[in-house]
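Hi,

Here's the structure I promised to send over. Have a look at it first, and my notes on the charged side chains follow below.

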Amino acid sequence: MSDSSATEPKFLIHQATHLFLADPIHFQVTQMNKSAFIWVGKTEGKLGDMSVAVPPFGTHVNASTTTIINKGVSEHSRNLARRLASKYKQQFYISFDLNSPDDMLFVFVEKKLTELLKNIM
């Protein structure tokens with residue numbers, strides 16, 4: 001018995017690096033079955049603030065989100081996970097290891113991540 005779905009990859013990994021001013025910012029998107037794990041960070045490669053969002057269902061208008069790891073008061077990962085889950089109708093895990101209060105950095109990250117997701121989803 002030959003089943004072509006048995007040979008399809010279960011995880012697809014996409015990586016990119018972009019410069020924000022002079023700092024390299026690394027992006028990794030791991031696509032899974034109806035979900036994605038996104039890590040964005042600098043050189044250490046650690047999990048930082050991490051949130052998960054599930055797409056809206058039933059009469060719910062917004063995606064449901066929760067914070068899994070929070071090293072500060074920032075809700076950037078939570079807010080982005082909510083928007084992506086609503087847009088793509090799948091579960092998103094987002095982890096930021098940026099350790100920066102710079103709002104312009106998060107605008108840059110969201111723009112580059114949006115471009116990356118347009119190409120892979």
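Arginine 83 and glutamate 110 form a salt bridge through their side chains, at 2.6 Å from N to O. Arginine 83 sits in helix H1 (residues 76-88) and glutamate 110 in helix H2 (residues 103-120), so this pair ties together parts that are 27 residues apart in sequence. Arginine 83 is partly exposed, at 40% relative accessible area, and glutamate 110 also counts as partly exposed, at 28%. Do bear in mind that this is a predicted model.

How many salt bridges are there in total?

Lysine 42 pairs with aspartate 23, with their side chains meeting at 4.0 Å, N to O. This one links distant parts of the chain too: lysine 42 is in the loop between strand S3 (35-41) and strand S4 (49-54), while aspartate 23 belongs to strand S2 (residues 23-32), 19 residues apart. Lysine 42 comes out as partly exposed at 24% relative accessibility, and aspartate 23 as partly exposed at 37%.

Then there's glutamate 115 with lysine 112, a salt bridge at 3.8 Å, N to O. Both residues lie in helix H2, three residues apart, which is about one turn of the helix. Is lysine 112 buried or exposed? At 19% relative accessibility it counts as buried, because the cut-off for buried is under 20%.

Cheers

Key
Residues are numbered from 1 along each chain as its sequence is written. This is a predicted model: local features need pLDDT of at least 70, side-chain atom pairs count only at pLDDT 80 or more; totals for chains, interfaces and linings use all residues. Side-chain values use heavy atoms; hydrogens and water are left out. Helices (H or I, at least four residues) and strands (E, at least two) are DSSP runs, numbered from the N terminus. Buried means under 20% relative accessible area, exposed over 50%, partly exposed in between (1.4 Å probe, protein chains only).
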